[in-house]
2 protein chains.
Amino acid sequence: MDRRNFIKSTAAASTVALVSPDSLFDFSSKIDKVKVGIVGCGMRGQVHLDELLKRNDVEVVGIAEPDQRMIDRSNKIFAKHNKKPVEYFKGLDGYKKLYKNKEMHAVIIATPWEFHAEQTIAAMNAGKIVGLEVCGAMNLQECWDYVDTYEKTKVPVFMMENVCYRRDVMAVMNMVRKGMFGQIVHGQGGYQHDLRNVLFNDGKQPYGGGVEFGDKGFSEAAWRTNHYVKRNAELYPTHGLGPIGTMMDVNRGNRITHLTSMASQQAGLTDYIVKNGGVDHPNAKVKFKQGDIVQTMLKCENGETILLTHDTSLQRPYNLGFRIQGTDGIWQDIGSGGFSQGFIYFEDEMKHSHKWASSEDHLKTYDHPYWKKYETQAEGAGHGGMDFFLMNDFIECIKANKEFPFDVYDLATWYAVTPLSEKSIEGNGTSQEMPDFTRGKYKTRKPVFGTEDYGF
Amino acid sequence: MDRRNFIKSTAAASTVALVSPDSLFDFSSKIDKVKVGIVGCGMRGQVHLDELLKRNDVEVVGIAEPDQRMIDRSNKIFAKHNKKPVEYFKGLDGYKKLYKNKEMHAVIIATPWEFHAEQTIAAMNAGKIVGLEVCGAMNLQECWDYVDTYEKTKVPVFMMENVCYRRDVMAVMNMVRKGMFGQIVHGQGGYQHDLRNVLFNDGKQPYGGGVEFGDKGFSEAAWRTNHYVKRNAELYPTHGLGPIGTMMDVNRGNRITHLTSMASQQAGLTDYIVKNGGVDHPNAKVKFKQGDIVQTMLKCENGETILLTHDTSLQRPYNLGFRIQGTDGIWQDIGSGGFSQGFIYFEDEMKHSHKWASSEDHLKTYDHPYWKKYETQAEGAGHGGMDFFLMNDFIECIKANKEFPFDVYDLATWYAVTPLSEKSIEGNGTSQEMPDFTRGKYKTRKPVFGTEDYGF
């Protein structure tokens, strides 16, 4: 039976469970060790590499990475784990060579945003399960391409949105699922994170030390900043939308119907360049198209509204600014993710005091079982432990043949916010319809992430 | 010289200063005692009455109020000040009789929203200076009517936006004017105040005790709630927009160019009725059109964005949610207005800590001179003292023949948010152009409120 036929027959048997991506492997037998490749082993890919090398149920089988400096850094991570480095595939098309590895089950893609679509679609076509890093799409067609390729190949994609796993976010979602907030009405989130020293550096160190970008920048400054030159959009929607969309069952009984976006002027990046590189630095004259603050309002079919804020070009303390609000409760995130870094109010319990309480006691009490179970293993993992859970879900879903908590439909919807917001801003705030990437399946799809039987 | 000619000649002499509203008075001579009438002496008007009766430079000369219960309450305020009640004009057209008082210089209008336009325009046409309470317009034409009537009569209107005088807001504005936030990029504010016990009561007490409204409700429940039945809009834009618009010099070197709005479903009011009146109460079946959360994004010509949130139908602690953000600083209001009820961050001063500081120290240091000067007098005044400043400006501007800090152009612009947001929501978030009510004068108009020589 060739791959196509194998996938067809398996797909017919089960449309929900993961479907074997490659006829070379018999997924009906248990996979004890998932063979993973990495596409893009920059600063973010190295975090994933570190997580993967910690695990006994994973073998890293190859890495596509064009930058020798990143390869050197990756080698140090192998050394830290007393493991021998794997083969590196260089060049921008290194991923194509990596995908030829017949033993490889899955790839993690953590490359510049503009490569996500071609690399993910090629992976699906090569039968490799994909874990795809966050960002937004370059255009709306790309989102349909993810969906269509998935529906053609049945090779699953995991949308690697790590903030969904933030401990306070999962505790709040736990409370939402228990109905403690009553009927959910509104949510907020965003990416309010001063990235100026990510967007500019000295071409040697990944963070700061100069005001260079593009050809003269290193790491994210080499490519991410160019998006700020050429685009004006909600460039990074998933950290806000993932957690809030999950709590609102988007694509699982609910869907986003439309959105509008608005962007402020650009002032922050130029100010940073002038302050740190001088008014005569050539970059002081660069016209950055991206507004410092981009806000996007999204409407859901079930009536809820969502506000996203992209705020990465100005000085500010880190605060994703989550809020979830229902008829019985409200949570407002004011910090960087600890249990005490938020306010909460439930009028019944708090005897109509009309006063915020620290979120600490509630979030401790309703700490998600998944976090309680793996607290120790998560210690030391990236982003306060959430990167452990992200990787754990990716690997455990593959091993258990279970569907990913965030799948290709979530990927398409979340990524689509970027091109839709871009168009809305271009049109002075015109309303943009969000396509139903599930083609009606959202009506019967059930929430996976954070449900009671979730967790491994 | 008849009134029209008097006004014309005065207007020619000075287009900035207050112009005499009535030829019966010679405003070039000093007014020591301002003769004021009140239109609408409900719960809000009574706060103004109390402030007016405290002052030696004011004489309350008449009140238009149709509800005997409110008249009884007002009489108690006169008694508290050992003053004899004035004549009351009953009936919905009582204001017309009041305006016939030839000695009266000015009126304060604190009536149901739907009466603001006709009562204000009639006052201007009668030569009475107007202090008009906050809300939003019923339609866009009304906003033009305010402006056109002002330009015809030259009778000034004071937009009575009290939150502009909140002590923390004025301190922050003081810092904005000193350039401490750098170039201003973004602001937020709104009306996030649980009004459920204002919107519903037992028909006897003004707050709560039942789930009645309209004909069976008392005070605001008798009329305000009907707006929630019939409309879906940013119903109450000025508490957020006044302070932020002032900091951004809207109508004074800057202007709002367009906006979009989005509304969530309605759930909060029905939930409240069911919980407090039972599922069988007739009001449990009322279809409230107003969404629980209405957010509006506004764009300024100089590039800044403003977010307004109307959130009055759900349980929540009071928090207008102010934020002002520039290249050098950010302030985030998290409470109900005290100096310590906010966060602040200035990276230079805070050595790039990326951590919020309490706003307390900064707001103490930059406490606005106006507040420092009148702190003692403001004690005990409504809304934490800000209602003293509101009234003080109204009376002192009239006495000193100085222009009001918020005038008819601010009134028109701020009020216009309501009908524009209504239209935007109706059109699934279509972008709405904000008219330039100043007809180009915003280019040369200078900020008044909060400037260095401000205050009496």
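In this predicted model, strands S9(B) and S10(B) pair in the antiparallel sense over seven bridges. The two strands form a hairpin with four residues between them, and Gly303(B) in the turn has a positive phi of about 110°. Strand S9 (293-300) and strand S10 (305-311) of chain B are also among the elements that give two or more residues to the side of chain B that touches chain A.

- Eight of the eight residues of S9(B) are buried, so the strand is largely enclosed by the rest of the structure.
- In a regular strand the side chains alternate between the two faces of the sheet.
- In S9(B), Ile293(B), Gln295(B), Met297(B) and Lys299(B) point one way, while Val294(B), Thr296(B), Leu298(B) and Cys300(B) point the other way, and all are buried.

**Interface of chain B and chain A**

- The contact involves 59 residues of chain B and 59 residues of chain A, and the two chains bury about 4,500 Å² between them, with 54% of it on carbon and sulfur atoms.
- On the side of chain B, Met262(B), Met297(B) and Gln315(B) lose the most area to chain A, together 17% of what that side buries.
- The rule finds six salt bridges across the interface, and Arg323(A) and Asp311(B) meet through their side chains in a salt bridge (2.9 Å, N to O).
- Between the chains, 31 residue pairs are in polar contact, and the residues on the side of chain B that touches chain A divide into 19 nonpolar, 27 polar and 13 charged.

How values were computed. Residues are numbered from 1 along each chain as its sequence is written. Chains are lettered from A and ligands numbered from 1 in the order in which they are written. This is a predicted model: local features need pLDDT of at least 70, side-chain atom pairs count only at pLDDT 80 or more; totals for chains, interfaces and linings use all residues. Side-chain values use heavy atoms; hydrogens and water are left out. Contact means heavy atoms within 4.5 Å. Buried area is the accessible area (1.4 Å probe) that two parts lose on being put together, summed over both. A salt bridge is a side-chain nitrogen of Lys or Arg within 4 Å of a carboxyl oxygen of Asp or Glu. A polar contact is a pair of N or O atoms within 3.5 Å; within protein, one must be able to donate a hydrogen and the other to accept it, and residues adjacent in sequence count only if both atoms are side-chain atoms. Ala, Val, Leu, Ile, Met, Phe, Trp, Tyr, Cys and Pro count as nonpolar, Asp, Glu, Lys and Arg as charged, and the others, Gly among them, as polar. Buried means under 20% relative accessible area, exposed over 50%, partly exposed in between (1.4 Å probe, protein chains only). Two strands pair if DSSP finds at least two bridges between them.
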